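Subject: Structure handover

Hi,

Here is the structure we talked about. Please open it alongside this note, which goes through the findings by topic.

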Amino acid sequence: MTQYLRPQTLPEALAALQANPDLTIVAGGTDIYPSLAEDVQHANLLDITGLSALRDITRPQGGLRIGALATWSDLQAADLGPAFLALQEAGREVGSPQIQNAATVVGNLCNASPAADGTVALMALGAEVEIAGPEGPRRLPLEAFVTGVRRVDLNKGEIVTALHLPALSGRSAFVKLGARKYLVISIAMVAAHVQLDASSRIARAAIAVGSCAPVAQRLRALEAALIGARAKDLTSVVRPELIEGLTPITDVRGEAAYREAVVPVLVRRALARCMDP
């Protein structure tokens, strides 16, 4: 290995990145280390697992702040309530329990895979990304952060320090379709968040779809059409023509036409779970 650094504070980590911007940031390592198997001797790694302050999960003003080192197991053990349930459900789909014990929520996002389970749930819940760098801290919406396959809006010398989710009421859900029940990469997946009014009609809806485009997509036209709908209306309201922006591909997991056909089904299932009394 060419260079391996393990700073103990965020300023140390930022200084190391400023000195060597080509360092690869490692947290859980469940994606990075397998990719280095054939060329580990040329790796330049910045291991941030020593930054213990980044592991906190807190509830500021009813929202949710997830530190960059919080694992999926940490998240599942937290008392988050029904509004954030989609994120915990997505976490249970991230590999095996052994992977969930090591893999971080932020790392899953930064890996920027089109099939990242966590990204879809975070998008439906309105997540923002907190970033530290030589020019100071900044925050941006998750939808602006993930820019393509394995690409994120992270400048040289910057580190993602946390995720912020707004205070939400209502309920959320995550639904995944794979070739088998466990330990599988998604063919398609949907996360939804719904708030109901006093008459059990939808007052607000957010829906995100993954594995059907280079980047997870919000279904904003469908979200708008759902306002005022009841659970019994889902079949008629969730129509293919309202599901825009998807560009599914054919790969070893499924054909593009199949992905396109199953998305409305998954959306209805996710919404029905959100509206289940």
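Strand β13 (residues 202-210) pairs with β14 in the antiparallel sense, over two bridges. Within that pairing, Val209 stands opposite Gln217 of β14. Please keep in mind that this is a predicted model. The two strands belong to an open sheet of four, in the order β11-β12-β13-β14. Its pairing is antiparallel. β11 and β14 (217-218) are the edge strands, and each pairs on one side only. As a general point, strands of a sheet pair through backbone hydrogen bonds, either parallel or antiparallel.

The parallel sense turns up too. β1 (residues 3-5) runs parallel to β3 (residues 44-47), and three bridges join them. Gln3 has Asn44 in β3 as its bridge partner. β3 also pairs with β2, again in the parallel sense and over three bridges. There, Ile25 is partnered with Leu46 of β3.

Now the pockets. Rolling a probe the size of a water molecule over the atoms shows where empty space is left. The largest pocket has a volume of about 1,300 Å³. Its lining counts 46 residues. Nearest its centre lie Asp31, Ile32, Gly107, Cys110 and Asn111. Five elements each supply at least two lining residues: β2 (24-26), α2 (32-35), α6 (105-110), β9 (151-152) and β10 (159-165). Which of them gives the most? That is α6, with four residues. By type, the lining splits into 24 nonpolar, 13 polar and nine charged residues.

The second largest pocket comes to about 220 Å³. Seven of them are charged, four nonpolar and one polar.

The largest nonpolar core holds 53 residues. Which members touch the most others? They are Ile66, Leu87, Leu163 and Leu165. Helix α7 (residues 117-124) provides the largest share of this core, with five residues. Another core lies apart from it, with 30 residues, including Ala192, Ile202, Leu234 and Met275.

Ile66 is worth a click. Leaving aside neighbours within four places in sequence, Ile66 is in contact with Asp56, Leu75, Leu87, Val105, Val106, Thr161, Ala162, Leu163 and Leu165. Three of those names, Leu87, Leu163 and Leu165, are also listed with Ile66 among the core members that touch the most others.

Last, a look at α7. Is this helix mostly covered or mostly open? It is mostly covered: eight of its eight residues are buried. They are Asp117, Gly118, Thr119, Val120, Ala121, Leu122, Met123 and Ala124. After α7 comes Gly126, with a positive phi near 75 degrees.

Best wishes

Technical notes
Residues are numbered from 1 along each chain as its sequence is written. This is a predicted model: local features need pLDDT of at least 70, side-chain atom pairs count only at pLDDT 80 or more; totals for chains, interfaces and linings use all residues. Side-chain values use heavy atoms; hydrogens and water are left out. On a 1 Å grid over the protein atoms alone, a cavity is a set of points where a 1.4 Å probe fits but cannot get out, and a pocket is an open set with protein on both sides within 12 Å along at least five of seven lines; lining residues have an atom within 4 Å of a point. Grid points are joined across faces, edges and corners, and a volume is the space filled by probe spheres set on the points. Ala, Val, Leu, Ile, Met, Phe, Trp, Tyr, Cys and Pro count as nonpolar, Asp, Glu, Lys and Arg as charged, and the others, Gly among them, as polar. A nonpolar core is a set of buried Ala, Val, Leu, Ile, Met, Phe, Trp, Tyr and Cys residues joined through side-chain atoms within 4.5 Å. Buried means under 20% relative accessible area, exposed over 50%, partly exposed in between (1.4 Å probe, protein chains only). Contact means heavy atoms within 4.5 Å. Two strands pair if DSSP finds at least two bridges between them.
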